[in-house]
Amino acid sequence: MRSPGRLKRWVDIGDRDDFTIAELHLRALFPDNETVPERTRMVKNRDTNPHAPVEYPKHWQSVAPLAELLWPAPGLRRRPAQEGRGDR
């Protein structure tokens, strides 16, 4: 397989017990481009339904890529409540 031409970043998140995941190592499916698909971020959802769409957003590994896009540009001052907390 080839990765889509305009794609710049692909973040894959998976739970080993999620039955819909075909490949936990996404880079293996796209050998033509090792920079676009990042290493799969593993999470552990609840055992009762690991595929439930409400489970994935509960993990920082899932929301971090969105936070990186939405976070203010470097150099802008953070809100006081967030200062000194560091990256998590």
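Biologist: With which residue does Lys-44 form a salt bridge?

Modeller: First, this is a predicted model, in which local features need pLDDT of at least 70, side-chain atom pairs count only at pLDDT 80 or more, and totals for chains, interfaces and linings use all residues. Residues are numbered from 1 along each chain as its sequence is written, and side-chain values use heavy atoms, leaving out hydrogens and water. A salt bridge puts a side-chain nitrogen of Lys or Arg within 4 Å of a carboxyl oxygen of Asp or Glu. With closest N and O atoms 2.7 Å apart, the partner of Lys-44 is Asp-47.

Biologist: Is Asp-47 buried or exposed?

Modeller: Buried means under 20% relative accessible area, exposed over 50%, and partly exposed in between (1.4 Å probe, protein chains only). Lys-44, at 46%, is partly exposed. Asp-47 has 60% relative accessibility, so this residue counts as exposed.

Biologist: How many residues apart in sequence are the parts that Arg-9 and Glu-68 tie together?

Modeller: These two form a salt bridge, with closest N and O atoms 3.0 Å apart. Arg-9 sits in the segment before strand S1 (13–14) and Glu-68 in helix H1, so the parts they tie together are separated in sequence by 59 residues. (Helices, H or I, at least four residues, and strands, E, at least two, are DSSP runs numbered from the N terminus.)
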